[in-house]
2 protein chains.
Amino acid sequence: MTIQALVFDVYGTLFDVHSVKEQAEALYPDHGEAISKRWREKQLEYSFLRQLNGQYVPFSQVTQDALRYTLLELKLHVTEEQITTLMETYLTLDVYPEVSSVLETMADKRLVVFSNGSHDMLDPLIEQSGLADRFEHLVSVDDIKQYKPAPASYMHALNTLGLKREEILFMSSNGWDITGAKSFGFKTAWINRNGLPVEELNLDPDRIYDDLTGITEWQ
Amino acid sequence: MTIQALVFDVYGTLFDVHSVKEQAEALYPDHGEAISKRWREKQLEYSFLRQLNGQYVPFSQVTQDALRYTLLELKLHVTEEQITTLMETYLTLDVYPEVSSVLETMADKRLVVFSNGSHDMLDPLIEQSGLADRFEHLVSVDDIKQYKPAPASYMHALNTLGLKREEILFMSSNGWDITGAKSFGFKTAWINRNGLPVEELNLDPDRIYDDLTGITEWQ
């Protein structure tokens with residue numbers, strides 16, 4: 001069956017979440033890298049836990065909660081101004097260098113963004129990147145308030161597209177997102193930007209690429 | 001309302017999961033600490049993801065999968081013999097030093113273990129610790145195949161005890177377990193062995209203690 005739509009995860013896949021490092025380093029010298037790493041870990045953990053608990057709040061809130069925890073854990077001084085400044089970096093994350101040309105190459109397919117990000121953080125990010133016109137839809141789990149990798153979240157993307165599962169190629173650099181999408185029935189391409197092993201969850205990706213350039217073979 | 005039963009998490013709460021470090025160091029010199037840390041992280045991540053995906057396998061399998069991933073990620077040589085040797089350390093984890101005397105002090109309450117561990121790993125661990133006689137029940141989520149912190153898991157503990165939620169004091173050193181139990185309606189005591197901040201999930205524990213000694217105030 002031919003792939004009709006390419007569905008892209010956002011954080012870590014199209015945009016580098018660790019581009020917050022520079023601002024973190026400016027505010028907290030020698031802690032930029034640790035803040036960036038831990039912030040991302042706690043952001044993911046909190047989204048998983050809120051899905052498991054059934055205590056959904058938007059990803060912008062999850063992201064802010066994770067940042068606050070991170071700064072406290074690292075025993076750094078926390079002010080609301082610093083939180084605000086760091087949260088703003090999430091609206092201007094660096095897009096990975098190959099993204100624009102890959103989207104141009106694949107422009108004959110339906111191109112869709114599908115993210116845990118709520119629209120208050122997702123829309124400004126895509127807008128400032130200059131890529132907004134490339135995408136048919138910016139699908140957020142906030143519409144149904146169920147985080148990836150819960151099956152209901154992938155179902156929401158499927159419903160939005162009105163296709164069959166196997167007509168969708170889903171791309172993410174996040175192993176947990178690939179296993180969720182694979183479990184749901186999408187075709188999956190893992191963008192393994194960090195050279196990590198495949199997750200030991202018996203849900204191997206259909207394809208593995210070093211960056212998004214690899215997906216042009218689905219043209 | 002008086003507390004009738006004390007319900008104890010196992011891994012990290014009664015037993016030190018990082019006591020695997022010594023054997024890991026013996027097998028992989030200079031990597032013991034990294035293996036121990038990453039193994040635990042992936043073990044938790046995989047239990048969360050399998051609960052979110054609805055792809056339950058017993059915790060002994062999750063633990064083994066997490067170990068395999070960890071060794072691969074650290075680019076260490078993996079043999080089945082090394083996996084087996086490290087998995088066996090999980091059956092003889094060190095019990096924290098205060099546990100035995102605290103259980104003795106609280107012996108007039110119903111004392112129960114409640115763990116994500118499957119019985120194949122949970123029962124031998126408790127047995128070899130010499131604490132088995134202290135506990136009325138060893139409750140495993142494997143009976144219902146839903147991992148903590150899913151609400152159904154805490155419900156299973158509640159059903160086993162036949163009490164009201166607020167008659168149960170639940171203890172864990174794991175922040176995600178405390179927020180899950182609190183969300184479900186148990187009284188919670190967070191055993192904050194590592195001096196961490198409270199999780200930013202709006203589900204603060206009722207009490208916080210440095211180790212289990214603190215719970216003797218509920219006598």
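1. Domain bounds here come from an automatic or database domain assignment, and on that basis chain A of this predicted model is divided into domain 1, spanning 5-15 + 93-218, and domain 2, spanning 17-89.

2. The C-alpha centres of domain 1 of chain A and domain 2 of chain A lie 22 Å apart, and 20 residues of domain 1 are in contact with 16 residues of domain 2. Between them, the two domains of chain A bury about 1500 Å², with 60% of that area on carbon and sulfur atoms.

3. In chain A, the axes of helix α2 (residues 32-53) and helix α3 (residues 59-73) come within 8 Å and cross at roughly 130 degrees; α2(A) and α3(A) are therefore oblique to each other, and α2(A) passes α3(A) in a right-handed crossing.

4. On the α2(A) side of this contact, the residues include A:Ile35, A:Trp39, A:Tyr46 and A:Arg50, while those on the α3(A) side include A:Phe59, A:Val62, A:Leu67 and A:Glu73. By class, the residues of the contact of α2(A) with α3(A) divide into 9 nonpolar, 4 polar and 5 charged.

5. In chain B, helix α3 (residues 59-73) and helix α4 (residues 80-89) pack at an angle of about 125 degrees, their axes being 11 Å apart, which makes α3(B) oblique to α4(B). The crossing of α3(B) and α4(B) is right-handed.

6. The residues that α3(B) brings to this contact are B:Ser60, B:Thr63, B:Gln64, B:Leu67, B:Arg68 and B:Leu71, and they meet B:Glu80, B:Ile83, B:Leu86 and B:Met87 in α4(B).

Methods
Residues are numbered from 1 along each chain as its sequence is written. Chains are lettered from A and ligands numbered from 1 in the order in which they are written. This is a predicted model: local features need pLDDT of at least 70, side-chain atom pairs count only at pLDDT 80 or more; totals for chains, interfaces and linings use all residues. Side-chain values use heavy atoms; hydrogens and water are left out. Axes are lines fitted to C-alpha atoms, for helices over the stretch in contact, and angles run from 0 to 180 degrees between N-to-C directions. Helices (H or I, at least four residues) and strands (E, at least two) are DSSP runs, numbered from the N terminus. Angles under 35 degrees count as roughly parallel, over 145 as roughly antiparallel, 65 to 115 as roughly perpendicular and the rest as oblique. A crossing is left-handed if the near helix is turned anticlockwise from the far one by less than a right angle, and right-handed if clockwise. Contact means heavy atoms within 4.5 Å. Ala, Val, Leu, Ile, Met, Phe, Trp, Tyr, Cys and Pro count as nonpolar, Asp, Glu, Lys and Arg as charged, and the others, Gly among them, as polar. Buried area is the accessible area (1.4 Å probe) that two parts lose on being put together, summed over both.
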